[in-house]
Amino acid sequence: MAMRQTPLTCSGHTRPVVDLAFSGITPYGYFLISACKDGKPMLRQGDTGDWIGTFLGHKGAVWGATLNKDATKAATAAADFTAKVWDAVSGDELMTLAHKHIVKTVDFTQDSNYLLTGGQDKLLRIYDLNKPEADPKEISGHTSGIKKALWCSEDKQILSADDKTVRLWDHATMTEVKSLNFNMSVSSMEYIPEGEILVITYGRSIAFHSAVSLDPIKSFEAPATINSASLHPEKEFLVAGGEDFKLYKYDYNSGEELESYKGHFGPIHCVRFSPDGELYASGSEDGTLRLWQTVVGKTYGLWKCVLPEEDSGDLAKPKISFPETAEEELEEIASENSDSIDSSTPEVKA
Amino acid sequence: MQTPPTTTVPVLRLPRGPDGLSRGFAPDGRRAPLKPVVPEIPESQESRESQEQRARATLRERYLRSLLAMVGRQVSFTLHEGVHVTAHFGATDLDVANFYVSQLQTPIGVQAEALLRCSDIVSYTFKP
């Protein structure tokens, strides 16, 4: 029997969620950071959406947020003209990096030694995190505010997007290698290291380019203006969301629209697959993050597949557990849920 | 409201939200750095704290069960400025910031579906 998707809503933000990022897979699972216009980025457990902590310190809307691979550090970009680096275990602020205008994007290198920033001052900056007092290296060339900047090709190159162009830079020489022009505003960019794929969204298009040459691979058109898209790690699916509040899931190979979901009460600003591809997260103007299953009905995280003969009042434990999960923690999770949420409660729009 | 043609995927619980008290990053959380052993807190203080916590948990559970019991029932709400409305209770959101109701009887007519902000509600009552 086909099952309907139950998205998990993560509340807590009080203004639109404009950016989100997952960490890599760590011994403690994987983590999710969300950037919000309320200035208070939050860290959550990636597979459950459970809130872990809020990074307090920015004095303006946070436009970009990222985690390093092992989720030990976080970086945020804000309207208060600073980027900040945080200890993602304790929540403490480690560094404040002053800029000359609103900062929109931040990205760590694989080894977490360098931080790339970009924003309204149209400059790309590279900070050596081991020498925070030193001046950053600057790359100029963009003629409008930078919306997204990413390391690519094993941190040997940099990809950056402003309103109408996407540019590829060589890290060592700090010079532009290639650029792409668009006649519509570029809304988002995602880099997939395995396969060196770049996902770019503009207007209603979701385009895939080689991250090395910027040559186009393929593109799809969605029914509405898309603000963000993400490609599944195994490159079977992609998900996209935008101005019509819906999430769309496509088959990457055929371009066929597989599923679409209503649920958000405002435009979707960001969407990303988890590092294991089992779920994707969406952030919206409505101030919430939602987690969606890639395979609907699969037991994973907080979703539990109940077979018809199973008693729905069971004390259930998640089938997936990470190595560090202590026995007491599993018990705590089980005892918290006296009743599983059954479908006799009034329908909540998925 | 339409009945769904298929069942929705069951969930164990909803994601936990911020506690509203602290910035989080619990010192006893999963990834806490190893710390030297903290001197033990006196026995009586510890048990009072855990008693309080147990009481909080019981009260919270009772409140959540009261919300579940309200589903589908006619509820009378007292709003600010002495306004009274009645409606069929549908659901509340995670933070109990909004009540989703239907057939809301207001002084200016009946609203088929509505969201009542909890900050606007002074009190509510219903008969199970």
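Visitor: Which strand is joined to S26(A) by bridges, and how many bridges join them?

Guide: The model before us is a predicted one. In it, strand S26 of chain A is joined by five bridges to strand S27, which comprises residues 279-284 of chain A. The two strands run antiparallel. One facing pair can be named: A:Ile268 stands opposite A:Ser284 in S27(A). Together, S26(A) and S27(A) form a hairpin, with five residues between them. In the turn lies A:Gly277, whose phi is positive, at about 70°.

Let us turn to the surroundings of S26(A). The strand covers residues 268-273, and five of its six residues are buried, so S26(A) is largely enclosed by the rest of the structure. Here, buried means that a residue has under 20% relative accessible area.

S26 of chain A is also among the elements that give two or more residues to the lining of the second largest pocket. Others in that group include strand S2 (17-22), strand S18 (186-192) and strand S22 (226-231). The space in this pocket amounts to about 1100 Å³. Its lining consists of 39 residues, and those nearest the centre are A:Phe22, A:Ser23, A:Gln110, A:Tyr191 and A:Pro193.

Key. Residues numbered from 1 in each chain as written. Chains lettered and ligands numbered in written order. Predicted model: local features only at pLDDT ≥ 70, side-chain atom pairs only at ≥ 80, totals over all residues. Heavy atoms only, no water. Buried < 20%, exposed > 50% of the residue type's maximum accessible area, 1.4 Å probe, protein only. Helix = DSSP H or I, 4+ residues; strand = E, 2+ residues; numbered from the N terminus. Pairing = 2+ DSSP bridges. 1 Å grid on protein atoms, 1.4 Å probe; cavity = no way out; pocket = protein on both sides within 12 Å on 5 of 7 lines; lining within 4 Å. Points joined across faces, edges and corners; volume = space filled by probe spheres on them.
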